[in-house]
Amino acid sequence: MFNNELLVTECCVGPQWKHQTNWLQGDPCGNAWYGIFCVDGKITELRLRENGLDGVLTDLNNLPSLTYLDLCKTSLLGALSAVSTLTKLTYLNLGATGVTGTTSDLSTLTDLTELHFYGTALSGSVSELGKLSKLQRLNVGSTQVTGALSDLSTLTELTYLRCAN
């Protein structure tokens, strides 16, 4: 097993998982672990929404090829810094989790086209999100993010915005 994949398995695998196909059996790319997608032997996508994950989100920054991360509606806790250097991410959904952090933790994720943090303890200024110029979909409803919507005027690609509490 690769060291990078240990980061994925240490935090959350357990009997509460709904789908565990091939988990912890050899190489996650070669053995097609449920919810993990790879290109050229590198993990590029983690699609584990509503899968019963429970625990503390480990540092995923050692998965530099990750472009898609969906851990929505899980019982994960942890800091947003666990994903803050994943600069290839285009999709990030940590909505309805216990992940905490500030909008400034997202400032390096400039390739994001979709960002979903609804129902979390995300805090900070909406102006920080205005720096993510490729965003097309943004959901920060029921968070602690504050600021004027005009701070998002730089998001010329934005087609969906949810910010209601």
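1. In this predicted model, Asp111 has a relative accessibility of 26% and therefore counts as partly exposed, since the buried class ends under 20% and the exposed class begins over 50%. Asp111 forms a salt bridge with Lys134, and the closest N and O atoms of the two are 2.7 Å apart. This pair links distant parts of the chain, 23 residues apart, with Asp111 in the loop between E7 and E8 and Lys134 in the loop between helix H2 (126-129) and strand E10 (137-139). Lys134, for its part, is partly exposed at a relative accessible area of 40%.

2. Glu45 and Arg47 meet through their side chains at 2.6 Å, N to O, and Arg47 is partly exposed, with a relative accessible area of 35%. Glu128 and Lys131 likewise meet in a salt bridge, at 3.5 Å from N to O, and Lys131 is exposed, its relative accessible area being 52%.

3. Turning to the strands, an open sheet is formed by 7 strands in the order E1-E2-E4-E6-E8-E10-E12, with mixed pairing. Strand E1 (36-39) and strand E12 (160-162) stand at the edges with a single partner strand each, so that one side of each is left without a neighbour in the sheet. On average, and with direction ignored, neighbouring strands of this sheet are turned by 15° against each other. Within the order given, strand E6 (residues 91-93) pairs with strand E8 (residues 114-116) in the parallel sense over 3 bridges, and Leu92 has Leu115 in E8 as its bridge partner.

4. Strand E5 (residues 75-79) pairs in the parallel sense with strand E3 (residues 54-56) over 3 bridges, and also with strand E7 (residues 98-100), again in the parallel sense and over 3 bridges. Gly55 stands opposite Leu76 in E5, while the bridge partner of Ala79 in E7 is Thr100.

5. Asn61, in the loop between E3 and strand E4 (68-70), deserves a separate point. At 16% relative accessibility Asn61 counts as buried, because the limit for that class is under 20%. The side chains of Asn61 and Thr85 are joined by a polar contact of 2.7 Å, and a polar atom of the Asn61 side chain lies 3.3 Å from the backbone nitrogen of Ser84. Leaving aside neighbours within four places in sequence, Asn61 is in contact with Ser81, Ala82, Val83, Ser84, Thr85 and Leu86.

Notes. Residues are numbered from 1 along each chain as its sequence is written. This is a predicted model: local features need pLDDT of at least 70, side-chain atom pairs count only at pLDDT 80 or more; totals for chains, interfaces and linings use all residues. Side-chain values use heavy atoms; hydrogens and water are left out. Two strands pair if DSSP finds at least two bridges between them. Helices (H or I, at least four residues) and strands (E, at least two) are DSSP runs, numbered from the N terminus. Buried means under 20% relative accessible area, exposed over 50%, partly exposed in between (1.4 Å probe, protein chains only). A polar contact is a pair of N or O atoms within 3.5 Å; within protein, one must be able to donate a hydrogen and the other to accept it, and residues adjacent in sequence count only if both atoms are side-chain atoms. Contact means heavy atoms within 4.5 Å. Axes are lines fitted to C-alpha atoms, for helices over the stretch in contact, and angles run from 0 to 180 degrees between N-to-C directions. A salt bridge is a side-chain nitrogen of Lys or Arg within 4 Å of a carboxyl oxygen of Asp or Glu.
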